[in-house]
Amino acid sequence: MHPREQTIFALSSGRPPSAIAVVRVSGSQANQILAALAGKLPAPRLAGRRLLRDVAGRPIDDAVVLWFPGPASATGEDVAEFHVHGGRAVLSALLAAISAIPNTRAAEPGEFTRRAFENGKLDLTEAEGLDDLIHADTDRQRRQALRQLQGLLGNRARDWRERIIEASALIEAGIDFSDEGDVPAELMAPALKMIRALHGEITEVLAAQGHAERLRDGLVVAIAGPPNVGKSTLINQLARREVAIVSPHAGTTRDVIEVQLDLDGYPVTVIDTAGIRETDDPVEQEGVRRARARAADADLVLWLTGPGVDAEGRPVGTAPVWVVRNKIDLGEGAPVAEAAVDRTFAISARRGDGLAELIEALVGFAGEFFGTGEGALVTRARQRELLRQAADGLQRGLILVKDGEELVAEELRAAAYALGRLLGRVDVEDVLGAIFQKFCIGK
C-alpha cells in the first residue's frame, strides 16, 4: 500500500505527562481502529466514553472517543480521536495498540495538514496561516495568522484568479471569432477594463503591506556602542531578567546575546553586542567584528553613549540609528548633533529613568515598520513574489494590447498561473515539502 493510502496516527497534544492527551487517526481504517479499540463507534461528531482495549483484549484506559466520517472532517478523510489520560504509559500502550493494526503508521510532521490540503479542505495560504498560528509568540502574530487561516488572502486570490480567467475567456473568444468583424473589439474592451482593475487591486495590496511578512520573524534591534556604557544593563532591563553579565570591566561581553521580547504584541529581538573599540585581544576582536556585523543587519540600532563618551563610531548602514545617552544619573554626557542621528534619548538603565519613553518609541517604530500588520494580506515572501508575478503579467498584458490579442492572452495565463501557485493548486510540489516539514508531528 502506498504511504499516502495508509492510515496515520500521532499524538496531537502536548508532551506527556499531561492531564489529557489527544491521539488522532486519519485514513480509510480509522473506523476499524476505533471500533477495534473502543468496542463500537460513537455517533458521528458526538463524544462517547469507552474503555479502550488492545487487540489482545487488555484494558488500556478509560477514555473519550470521537468519530468524524470523511469528507466532513479536518483532513477530508475518516478521522478518529482518542482523548486519554496523559501519562507516558497510557500513551505508549495506546500507540502500540494502533500500530499493531495492519497498514497504519506514525504520521510525519505536518502530514495531517498536508492531507487536508490535498483533499481540498484548505489552500496553501491557509496551511501557511495554520503553521504561523502554531508558532505565534505574540498576540499580533496570532491575529495575523488566524486571519490567514480564515482565508484572508486565499479568498482574494481565488477571486482575482477567477476574474483573470473571465477576462482571458473574453480575449480568447475574440481570437476565435476574429473573422466576425467588430466582435473582437467588443470583447476586448470589457476584458481590458477588468485587467486594469485587477492590476490596480493587486499593486495596491503590494504597496500597502510594508514589512508585514516580517511580523512572523520579528523586528531586530541591536544595542551597540563603546565598552562600559551600559548595554548589558539595558538589555537586562528590557528583558526584566538578567540575561547578560554586568561588569565594570570593559570587554566583558564577548559574544552576541539575543533576547526575544513582546512589545505591545510586536515580536522584537534585542541584541546585546560587544563594546566596539580597538583591541589587541583576539577574542574581543571577534566580538567586535560580530557586533558590527549584527548592527549592520539590524532593523534598528540603539547606539549607547555615556558621560564623557561621544556618539562617534556609530555603524554605517541602512538601518536607522538612535543615540541613547545612558547614565544620566551620573552626568549629561557629550551633546549629540541632531542632524547626525535619527532620534536621541536620555536614560538611566540602572535606575530606569527614561526607559518608558524609549520602549514607547520602540513600539511606535515597530508599528510603522510592520505597516498594515492588522489587515495584512501578505505574510510570507513566497506570497509577495507570486502576487508580484501576477501583477507583472497583468501589466505586460496591458502593454502588449497593440501587438495582438494572442500576446495578451498569454500574459493573462501567466498571471492566473502565479495565483494558482499562490493557492497551491498548480505546480507547487517543490514547495510543499519545505512548508509542511516545519509543522509539528500530529498537526
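Predicted model: local features only at pLDDT ≥ 70, side-chain atom pairs only at ≥ 80, totals over all residues.
Residues are numbered from 1 along each chain as its sequence is written, and side-chain values use heavy atoms, with hydrogens and water left out.

Let us begin with the charged pairs. The structure holds 22 salt bridges, where a salt bridge is a side-chain nitrogen of Lys or Arg within 4 Å of a carboxyl oxygen of Asp or Glu. One of them joins Arg-115 to Glu-77, with 3.1 Å between the closest N and O atoms. This pair links distant parts of the chain: Arg-115 sits in helix α3 (residues 111-118), while Glu-77 is in the loop between β4 (59-68) and β5 (79-86), 38 residues apart. Helices (H or I, at least four residues) and strands (E, at least two) are DSSP runs, numbered from the N terminus. Arg-115 is buried, at 4% relative accessible area, and Glu-77 counts as buried too, at 18%. Here, buried means under 20% relative accessible area, exposed means over 50%, and partly exposed lies in between (1.4 Å probe, protein chains only).

Now move to helix α4. Glu-128 forms a salt bridge with Arg-382, the closest N and O atoms being 2.8 Å apart. Because Arg-382 lies in helix α11 (residues 381-399) and Glu-128 in helix α4 (residues 124-134), the pair ties together parts that are 254 residues apart in sequence. Glu-128 is buried at 1% relative accessibility, and Arg-382 is buried at 19%. Also meeting in a salt bridge are the side chains of Arg-380 and Asp-132 (2.9 Å, N to O). Arg-380 lies in the loop between α10 (355-370) and α11, and Asp-132 in helix α4, so this pair ties together parts 248 residues apart in sequence. Both Arg-380 and Asp-132 are buried. Elsewhere, salt bridges that share partners join Glu-77, Arg-105, Glu-111 and Arg-115 into one network.

Next come the annotated positions. The UniProt annotation "binding site", from an unreviewed entry, covers Arg-24, Glu-81, Lys-121 and Lys-443; such annotations may be inferred rather than shown by experiment, and positions are given in the numbering used here, with feature names shortened. Lys-121 is found in the loop between α3 and α4 and is partly exposed, at 39% relative accessibility. Leaving aside neighbours within four places in sequence, Lys-121 is in contact (heavy atoms within 4.5 Å) with residues including Pro-71, Gly-76 and Glu-126. Lys-443 lies in the segment after α13 (429-436) and is partly exposed, at 31%.

Our last stop is strand β10 (residues 300-305). Because 6 of its 6 residues are buried, β10 is largely enclosed by the rest of the structure. Leu-300, Leu-302 and Leu-304 are buried on one side, and Val-301, Trp-303 and Thr-305 on the other, so that both faces are covered. Two strands pair if DSSP finds at least two bridges between them. Strand β7 (residues 219-224) runs parallel to β10 and is joined to it by 4 bridges, with Ala-224 partnered by Trp-303. Strand β11 (residues 321-325) also runs parallel to β10, joined by 5 bridges, and there Trp-322 stands opposite Leu-302.
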